[in-house]
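Dear colleague,

Please find below the structure that I am handing over to you. My notes on it follow directly after.

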Amino acid sequence: MGLTKHSTGVYAVHGTFGREEGKSGVIKAALAGNPNVGKSTLFNALTGMDQHTGNWPGKTVTCASGYWKSRDAGCMLIDLPGCYSLLAHSEEEAVARDYICFGDADAVIAVCDACCIERSLNLALQIMEITPHVVICLNLMDEAQKSGVLPNAVLLQERLGVPVVPTCARSGLGLELLMQAVQDAATGKTGQTAVRVKYPPALERAIAGMQNALCPCMPENGPSLRWTALRLLEGDARMTQALAGHLGLAPHEAPAIEKAGKTAQNILKAAGLAQQTLHDEIIESIVHTAEDICRGAVSRAAASKTMRGYRIDRLLTGRRVGIPIMVLLLLFVFWLTIKGANLPSQLLSHALFALERTLHQAAAWMEMPAWLEGLLIDGMYRVLAWVVSVMLPPMAIFFPLFTLLEDLGYLPRVAFNLDHCLHRCSACGKQALTMAMGFGCNAAGVVGCRIIDSPRERLIAILTNSFVPCNGRFPMLISILTMLFAGTCGRFGTSMLSALLLTGLVLLGVLMTFAASRLLSKTVLKGMPSFFTLELPPYRRPQVGKVLVRSVFDRTLFVLGRAAAVAAPAGMIIWIMANTPFGDGTLLTQCAALLDPFARFFGLDGVILLAFILGFPANEIVVPLIVMGYLASGSIAEMASLEAMRTLFAENGWTWVTAVCTMLFSLLHWPCSTTCLTIYRETQSLKWTAAAFVLPAAAGFGLCAVVANGARLAQYLLAV
């Protein structure tokens with residue numbers, strides 16, 4: 001096996017591992033590796049699945065599975081969570097370790113970063129201690145070449161004793177050879193003996209004694225005797241429980257094992273290896289083994305070739321300019337979204353509402369009853385047309401821009417910049433990553449909280465994620481800002497002022513997240529903040545084509561479809577309420593009138609509050625519900641422009657106070673039904689789900705009360 005450098009500068013692989021032809025069958029292989037080594041990208045390239053692969057640590061928090069097939073073989077691939085160790089200090093490590101130990105994988109693909117092989121080998125060596133059926137995948141060979149790192153795969157394979165295959169998952173180079181090696185490793189045809197980590201002599205004697213005692217108790221398909229003995233000597237409580245649960249092994253019930261354990265502890269005690277010292281010696285031995293393997297097998301060019309990323313990081317994560325750059329970048333994204341969405345939104349609105357006339361003609365031709373025509377067209381279709389025309393253009397711009405920043409590797413820098421603020425709130429810095437995920441969807445942000453190890457800090461992140469505005473709230477915020485606050489500034493001024501105000505609202509949501517996190521950490525969720533290692537991934541040139549496709553299909557159309565699925569029945573319900581006589585008016589007007597006195601105290605009105613209540617399934621339909629509530633006909637009128645909406649709102653008593661309170665309440669109110677359901681699934685607690693519902697709603701009502709009553713007080717004082 002060797003490497004060939006093509007004119008593109010990318011290394012390709014060639015060679016064979018002596019695979020026998022004509023064999024067929026399906027094997028199962030696990031993908032394991034550190035965060036951000038391209039593991040999910042490799043999984044997608046092999047299986048053809050479109051699992052989201054962001055350029056930040058902790059993206060994969062659950063296992064995904066897919067299928068790879070060639071002409072004469074097949075393989076089921078399991079993408080394990082990224083982790084740095086199998087000592088199970090976090091949930092991701094526990095999931096990965098348990099599957100490698102007790103799962104039914106025939107082989108494990110240890111994905112290593114070719115730019116920093118020495119660090120990646122620490123995990124690979126731990127995997128090799130559990131099972132000999134391992135293939136080392138040196139991924140990101142293109143980035144290694146650009147950074148001046150040149151690994152000798154042949155020499156590494158000789159020293160490791162397992163197949164080593166260089167790959168570039170983004171371009172597909174080396175994937176066929178990798179799967180050939182997996183086939184051989186699964187069937188034990190590599191013909192090599194894996195390297196063994198060398199521990200201090202006293203620890204080796206203790207391991208040998210434990211292995212002899214464990215041998216009669218261990219099943220053939222379990223983890224290796226050496227690794228099991230090492231974990232028991234280390235006193236790993238999680239590992240002991242896992243062994244008892246998966247293998248039925250109870251060390252305290254086996255006299256031989258108990259006796260061997262005491263003997264081993266005496267050997268370690270005599271050598272001065274206490275519990276913490278033993279843990280440090282194990283880690284140090286693994287690190288030294290990785291260093292010895294890489295010595296002379298990895299060459300590096302001059303350091304100047306790798307300094308550009310460090311210089312950029314000094315700017316983007318600087319103490320003085322890091323956060324201002326982050327705010328300016330956020331402002332640019334919002335300005336581009338607002339500026340670019342105006343014209344497409346108008347054209348789409350005209351086209352969809354023009355189609356409505358055709359639908360009415362078709363209904364007349366079919367002699368459809370008036371009530372059914374109104375229900376389907378004036379109720380359901382108009383709300384759908386509104387949601388599509390208002391949501392699609394901004395999302396089609398915002399999501400690709402956000403994904404480009406993600407692929408570039410900027411989001412971990414955001415987490416780094418916000419870590420100090422979150423630490424002062426006694427929260428985890430990883431919460432910044434879940435906040436970033438919440439910009440797309442709060443439900444996704446809640447699921448992303450799994451990357452936080454501490455249960456207390458994970459719960460804080462879950463309860464406060466709804467303070468960050470999701471994509472469903474952006475169309476409403478943008479529409480109100482543009483039509484009521486920036487309508488007289490000219491085209492450029494309108495979009496820029498709207499972007500400035502929207503950025504201010506988003507920053508307010510971030511500040512409220514900090515305040516709520518600090519409140520929780522000082523009251524019901526007391527505790528000290530934990531420390532964690534945040535890896536800043538290398539800057540990578542985004543794959544623009546894949547970003548556009550993934551953003552449109554995975555995010556934009558998915559979210560739009562979810563909103564449309566909720567908007568259609570909601571439009572029918574609101575049309576029925578608006579056209580059903582009840583008392584002196586309709587069911588809708590009576591409900592709004594009932595809520596009106598309560599809503600007025602907070603600067604809203606009954607229609608606005610009712611729209612938020614009926615919009616609980618999806619925030620995207622709040623604006624169309626407000627419009628429908630204001631119209632006596634009970635159906636949405638065609639809004640040819642934001643000016644038409646502005647006129648409608650003004651006719652129904654809107655002032656600047658109403659607009660400000662509506663935006664504040666849109667920013668801070670209860671999460672949607674999907675997010676609430678996700679919170680319950682993650683916490684398995686109705687109490688914490690209710691807390692996640694009440695906390696942002698209380699903050700929203702509180703801010704609105706301050707603004708509304710402050711404005712009334714100021715007006716009174718001026719009048720006096």
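Helices α13 (322–365), α14 (370–408) and α19 (474–484) each contribute at least two residues to the lining of the largest cavity. Helices here are DSSP runs of H or I of at least four residues, strands are runs of E of at least two, and both are numbered from the N terminus. A cavity is a set of points, on a 1 Å grid over the protein atoms alone, where a 1.4 Å probe fits but cannot get out; lining residues have an atom within 4 Å of a point.

This is a predicted model, in which local features need pLDDT of at least 70 and side-chain atom pairs count only at pLDDT 80 or more, while totals for chains, interfaces and linings use all residues. Residues are numbered from 1 along each chain as its sequence is written, and side-chain values use heavy atoms, with hydrogens and water left out.

To continue with the largest cavity, α14 gives the most to its lining, with 4 residues. The lining comprises 11 residues, and Thr 337, Pro 394, Phe 398, Phe 474 and Ile 478 lie nearest the centre. By class, 9 of the lining residues are nonpolar, 2 are polar and none is charged. Nonpolar covers Ala, Val, Leu, Ile, Met, Phe, Trp, Tyr, Cys and Pro, charged covers Asp, Glu, Lys and Arg, and the others, Gly among them, are polar. The space in this cavity is about 70 Å³, a volume being the space filled by probe spheres set on the points, which are joined across faces, edges and corners. In total, 3 cavities of 30 Å³ or more were found.

Leu 329 also lies in α13. With a relative accessible area of 26%, Leu 329 is partly exposed (between buried, under 20%, and exposed, over 50%; 1.4 Å probe, protein chains only). Leaving aside residues up to four places away in sequence, Leu 329 touches Leu 405 and Tyr 410 (heavy atoms within 4.5 Å).

Helix α23 (residues 606–614) is largely enclosed by the rest of the structure, because 7 of its 9 residues are buried. Those buried residues are Gly 606, Val 607, Ile 608, Leu 609, Leu 610, Ala 611 and Phe 612. At the start of α23, a side-chain oxygen of Asp 605 comes to within 3.1 Å of the backbone nitrogen of Val 607.

For the chain overall, there are 28 helices and 12 strands, and 54% of the 720 residues are buried.

With kind regards

Note on methods. Polar contact = N/O pair within 3.5 Å; in protein donor to acceptor, adjacent residues only side chain to side chain. 1 Å grid on protein atoms, 1.4 Å probe; cavity = no way out; pocket = protein on both sides within 12 Å on 5 of 7 lines; lining within 4 Å.
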